[in-house]
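Student: I have a structure open and want to check the terms used to describe it. Can we go through them one at a time?

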Amino acid sequence: MKLSKIRLYVDHPLSQGQSVPLNKDQGNYLFSVMRRAVGDGVLLFNGRDGEFSAEVTVASRQNGVLVCVAKTRPIVRPPDLWFLFAPIKKARTDFIVEKATEMGASKIVPVQTEYTNNARIRRDKLQAHAIEAAEQCGGTYVPEVANIQTLRATIQNWPQERRLMFCDEDLVGAKEKLQSATPGPWAILIGPEGGFSSPERELLRQMEQSVSVSLGPRILRADTAAVAALTIWQSSLGDW
Ligand code: SAH
C-alpha cells in the first residue's frame, strides 16, 4: 500500500465501513494520473463528516470505489465569516477564491459593484477552486461560493446581526483599524480594481453594521487586499 497524502473531496456521506463511489474525474485522477491501485490509501472529506482514511477496493476509472477505514479528523468549521469581493480578471479571481478558502472564510460571495470589470463568472468553476484549495490545505470544510449578486441588493438584504468590515481604499494611510470589534457573525468586503464609487461608499458608510477599515498606507491590489483583510480579521476575531 502506497503511503498516500492524496486528499479528495467527495459529495457523499462518510462513516467507518461506508463505501464511496468515485466519479469519472476522480477515478481518472486517482488511477490514471496518480496510479493508485486496490489496497492503496486515500484521505476523504465531504465538508460535513470530518476526514476519513479510505482504501481503494475497485480501481476503475469509470466505476472506482473506496471504503472508509477510520475517521482521521473531526470536521473543523471556520468562524462565521463571509467573504465578499468584486470579481476581477479570471486568474486573480481564482486566486482570491483559493486564498479565501485557505484563510478560513465560511462563505464566499461575489458581488457586482459599479466598477466591477468582470461580472461574468462561472460559479461552478469557482466552487471547484474552493474544493481544490480545501483538499490541498488540509481543511475539512469547503466554503460555499454563492451566485453573484449586486452590491445594492446585498446591502438591502443585509442581516441585522452581521457586521461588515468595509475595506475602503479612500482610507489609505488613515488610522481606521479593526479595533475593539466584538466577535460574532462578520463579513469582509473588498472592491474591484476600480475601487468603490462615491454613492456606493456613502451607502456602505451609512450601514449600521459597517466598520470602515484601512489596510495601510499603500493601495493594494484587490487580491492582495483580500489576503491582508482576512489576515487582520482572523488574527483579531477569528480562529488563529
Ligand atoms: N483603483 C482604486 C483602488 C482599488 S484597490 C484606487 O486607485 O483608489 C481594490 C480594493 O482593495 C479596494 O476597493 C479596497 O476594498 C481594497 N483596498 C486596497 N488598498 C486598500 C487600503 N489601503 N485600505 C483599504 N482598502 C484597500
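Student: Which strands does helix H1 lie across, and at what angle does H1 run to S1?

Tutor: This is a predicted model. In it, helix H1 (residues 24-33) lies across S1, S3, S4 and S5, and runs at about 170° to S1. Helix H3 (residues 123-137) also packs on the sheet, where H3 touches S1 and S3 and makes about 150° with the direction of S1.

Student: Why are H2 and H6 called roughly parallel?

Tutor: Helix H2 (residues 90-102) and helix H6 (residues 222-237) pack at an angle of about 10°. Angles under 35 degrees count as roughly parallel, and H2 and H6 are therefore roughly parallel to each other. Their axes are 9 Å apart.

Student: Which residues of H2 and H6 meet?

Tutor: From H2, Arg92, Phe95, Ile96, Lys99 and Ala100 meet Ala222, Asp223, Ala226, Val227 and Leu230 of H6. The residues of this contact divide into seven nonpolar, three charged and no polar.

Student: What makes S1 and S2 edge strands?

Tutor: The five strands form an open sheet in the order S1-S3-S4-S5-S2, with mixed pairing. Strand S1 (7-9) and strand S2 (19-21) each pair on one side only, and are the edge strands. On average, neighbouring strands of this sheet are turned by 40° against each other, direction ignored.

Student: How do you know that S4 and S5 pair?

Tutor: Pairing requires at least two bridges between the strands. Seven bridges join S4 (residues 51-58) to S5 (residues 65-73), so S4 and S5 meet that cut-off. The two strands run antiparallel, and Ser53 has Ala70 in S5 as its bridge partner.

Notes. Residues are numbered from 1 along each chain as its sequence is written. This is a predicted model: local features need pLDDT of at least 70, side-chain atom pairs count only at pLDDT 80 or more; totals for chains, interfaces and linings use all residues. Side-chain values use heavy atoms; hydrogens and water are left out. Axes are lines fitted to C-alpha atoms, for helices over the stretch in contact, and angles run from 0 to 180 degrees between N-to-C directions. Helices (H or I, at least four residues) and strands (E, at least two) are DSSP runs, numbered from the N terminus. Angles under 35 degrees count as roughly parallel, over 145 as roughly antiparallel, 65 to 115 as roughly perpendicular and the rest as oblique. Contact means heavy atoms within 4.5 Å. Ala, Val, Leu, Ile, Met, Phe, Trp, Tyr, Cys and Pro count as nonpolar, Asp, Glu, Lys and Arg as charged, and the others, Gly among them, as polar.
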